[in-house]
Amino acid sequence: MINYFLEKKHITMLELIEEIGERYIKPFALKWDEEEIYDPTPIKALSQADLFGIIIPEEYGGLGWGSFEMCLAVEKLSYYCAGVSTTYAASFLGSYPILLFGNKKQKERYLPDIASGKKLCAFALTEPQAGSDAFAIKTTARKDGDFYILNGMKQWITNGGIADIYIVIALTDPAKGARGASAFIVEKGDPGFSVGKKEKKLGLRASVTTELFFNDCKIPADRLISREGMGFIVALKTLDYARCGAGAQALGIAQSALEISLKHATTRIQFGQPVYNFQAVGHTFAEMAVKLEASRALVYSTARYIDSGAKDISSASSMAKYFATETAMWICERAIQMMGGFGYMRDYPVQKFFRDAKCLQIYEGTNEIQKNVIARELLKYYK
Amino acid sequence: MEKIIVCIKAVPDPEKVKVDPETHTLKREGTELLLNPPDESAVEMALRLKDAFSAEVVAISMGPPNAENVLKKVYAMGVDKTVLICDRAFAGSDTLATSYVLAGAIKKLSPFSLVIMGMQSLDGATSQVPPETASLIGIPSVTNVKEIKKEGENLVVIRESDYGEEELEISLPAVIAVTTQIDYIRPCSLKRLLKLEDIKSEQLDAEKLSLDRNKLGLSGSPTRVADVYEKKLELKGKIYQGEPEDLVDRFIEILKEKGIIKE
């Protein structure tokens with residue numbers, strides 16, 4: 001297929017993830033999905049392999065790499081289990097606010113433990129009445145001397161309960177609406193902070209999604225990221241950086257679905273020959289391969305564009321997330337169809353990929369929101 | 001605990017292994033070598049002790065020059081230092097000659113608190129080297145260990161036996177041979193993998209270890225392999241074709257002929 005001219009360091013990283021995937025994930029992924037279990041073993045392996053340090057600067061114990069390497073890692077991991085890669089990628093999502101907007105003291109306090117994988121992160125923006133309409137959040141943070149007091153709740157938070165570090169967007173000045181939001185670091189164990197029920201999900205079942213509650217949650221004032229009123233800028237910039245990670249997840253899932261269904265189609269004999277020989281089937285695989293490769297090209301280009309230091313990354317990031325996740329959903333649906341009854345049975349993994357891929361169209365901003373972003377940004381270029 | 005020495009062996013890939021027709025020993029040079037699986041457990045146990053007690057972990061391997069790759073792998077897993085014990089005079093060594101070399105290297109690396117080895121190698125499968133090495137150094141050994149815990153100055157080990165598990169206290173220094181029953185083995189560190197090109201093992205040979213050449217290699221080994229042959233695997237399945245009714249009758253006849261079912 002297409003050669004993306006990966007460097008030696010990338011190949012070394014991908015071979016290491018392959019080893020981790022084959023040893024710690026592949027034999028257990030269907031069981032985790034079936035029983036909806038979060039197993040910390042692959043996360044432990046990823047942390048011992050230094051893979052949580054990809055985007056963290058070397059001065060804080062990371063590798064000092066960028067979005068491109070993050071996407072390569074997330075793609076490869078998603079090839080084995082998108083539930084595991086969700087736990088992994090959500091930790092990057094939660095670390096970006098500190099990385100992009102944190103002060104030196106906050107970076108020194110949190111980034112080394114994030115890089116070593118000793119502590120997982122979570123990003124908490126969504127609330128029951130504030131999904132796509134993120135500005136409708138109600139959680140508040142009131143300044144009280146050297147502290148902030150948080151009250152409210154967050155919903156559908158990946159890594160809830162298993163993370164040690166939570167980035168929470170709350171209103172410091174509700175009267176100002178979106179301009180009155182601020183970003184805070186809440187630590188596991190902070191007084192007044194608790195984790196609600198674990199959600200039962202259609203897919204990504206090896207990851208943990210929970211509610212978070214803040215009941216007079218008292219945190220030191222130096223946990224404020226940037227300054228008051230910057231909450232949504234922190235949140236939106238974080239999502240701009242992390243979104244191509246969701247696109248990378250889509251690549252890994254789609255690659256796996258393509259390979260497994262292709263193997264089936266070339267060995268399944270009907271009417272005296274492999275079903276792959278029938279033109280309708282062969283053409284379907286051709287379309288799957290083209291769309292997957294186009295998605296990969298877009299995700300990789302976007303990641304490299306982000307790493308170039310460009311400022312206007314919103315549109316590219318949304319395009320990569322939108323196109324790759326729509327493609328993954330389509331490829332997984334076709335993969336099931338190409339396998340017929342085998343694809344539909346839970347003994348085979350393709351149905352899991354189908355369920356996992358569905359979430360990618362919804363989280364980190366629904367694909368409808370991505371199109372809003374792209375449409376809005378288009379006017380800047382072509383008005 | 002100051003220094004832990006882990007003995008590892010580079011074994012031929014079982015799917016690509018070749019036998020020397022003259023010496024009846026396995027050809028190690030020029031073939032792809034892998035880390036002996038039980039030795040991976042030994043490295044993991046040593047690294048857990050390192051994490052808990054800040055000990056230095058040194059991995060040593062007696063083997064051909066290409067055993068260096070296996071030493072690099074365990075460096076990437078987290079060991080502090082690697083040593084390759086390599087000499088043409090070692091070729092064809094049996095377990096006694098091997099133990100003699102390892103004992104010499106371990107003494108050279110003194111002082112040490114503990115030696116950990118895999119309980120057996122994939123290619124030899126004798127389980128003799130750990131106790132023989134301990135005996136030659138003059139320290140105690142425990143085999144079949146599945147868990148190591150440190151209590152005070154002594155180590156407590158869980159040993160598997162035919163009758164269940166034994167908990168033994170062992171004074172240091174000692175040799176411990178571990179099983180593959182460990183619950184988890186860490187992957188390589190990416191940071192270390194990226195530095196591997198700059199990593200070179202310390203090289204030791206018979207001269208540096210002041211070894212008696214009469215006790216080395218094929219000539220120094222009392223074991224003689226009389227013959228080596230490849231196990232031939234043959235599929236005995238047959239395919240019968242015809243109408244289902246006839247085939248069922250034929251199938252029943254075959255089962256009767258083989259005595260699997262009776263009249």
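Trainee: Which residues in α2(B) are buried?

Mentor: In this predicted model, the buried residues of α2(B) are B:E68, B:V70, B:L71, B:K72, B:K73, B:V74, B:Y75, B:A76 and B:M77. A residue is called buried when 20 or more other C-beta atoms lie within 10 Å of its own, exposed when there are 12 or fewer, and partly exposed in between, with the C-beta atoms placed from the backbone. Helices (H or I, at least four residues) and strands (E, at least two) are DSSP runs numbered from the N terminus.

Trainee: How should I read the numbering and the predicted model?

Mentor: Residues are numbered from 1 along each chain as its sequence is written, while chains are lettered from A and ligands numbered from 1 in the order in which they are written. Because this is a predicted model, local features need pLDDT of at least 70 and side-chain atom pairs count only at pLDDT 80 or more, whereas totals for chains, interfaces and linings use all residues.

Trainee: Back to the helix, then: why is α2 of chain B described as largely enclosed?

Mentor: Helix α2 of chain B spans residues 68-77, and nine of its 10 residues are buried, so the rest of the structure largely encloses it.

Trainee: And what covers the buried residues of α2(B)?

Mentor: The cover includes β2 (10-12), β3 (33-35), α1 (37-53), β4 (56-62), β5 (81-85) and α5 (190-194), which belong to chain B; contact here requires the C-beta atoms of two residues, placed from the backbone, to lie within 7 Å. Just after α2(B), B:G78 adopts a positive phi of about 135 degrees.

Trainee: How do β4(B) and β5(B) pair?

Mentor: β4(B) and β5(B) pair in the parallel sense over five bridges, pairing being assigned when DSSP finds at least two bridges between two strands. Within this pair, B:S61 has B:L84 of β5(B) as its bridge partner. The path from β4(B) runs through α2(B) to β5(B), and this β-α-β crossover is right-handed, in the sense that, with the strands pointing away from the viewer, the path from the first strand over the helix to the second runs clockwise.

Trainee: Zooming out, is chain B compact or spread out?

Mentor: Chain B holds six helices and 11 strands. Its radius of gyration is 23 Å, well over the 18 Å that the globule rule gives for 263 residues, so chain B is more spread out than a compact globule. The radius is taken over C-alpha atoms, and the rule is 2.2 Å times the number of residues to the power 0.38. Of the 263 residues of chain B, 38% count as buried.

Trainee: What about the secondary structure of chain A?

Mentor: Chain A comes to 12 helices and 10 strands. Its radius of gyration is 21 Å, close to the 21 Å from the globule rule for 383 residues, so chain A is as compact as a globular protein of that length. Buried residues make up 50% of chain A.

Trainee: How many residues of chain A are in contact with chain B?

Mentor: 13 residues of chain A are in contact with nine residues of chain B. On the chain A side, α1 (8-25) and α3 (41-48) each supply at least two residues, and the largest share, six residues, comes from α1(A). By class, that side of chain A has seven nonpolar, three polar and three charged residues, where Ala, Val, Leu, Ile, Met, Phe, Trp, Tyr, Cys and Pro count as nonpolar, Asp, Glu, Lys and Arg as charged, and the others, Gly among them, as polar.

Trainee: Into which domains is chain A divided?

Mentor: Chain A is divided into domain 1 (8-119), domain 2 (122-230) and domain 3 (232-382), with bounds from an automatic or database domain assignment. The C-alpha centres of domain 2 and domain 3 of chain A lie 30 Å apart, and their contact takes 14 residues from domain 2 and 11 residues from domain 3.
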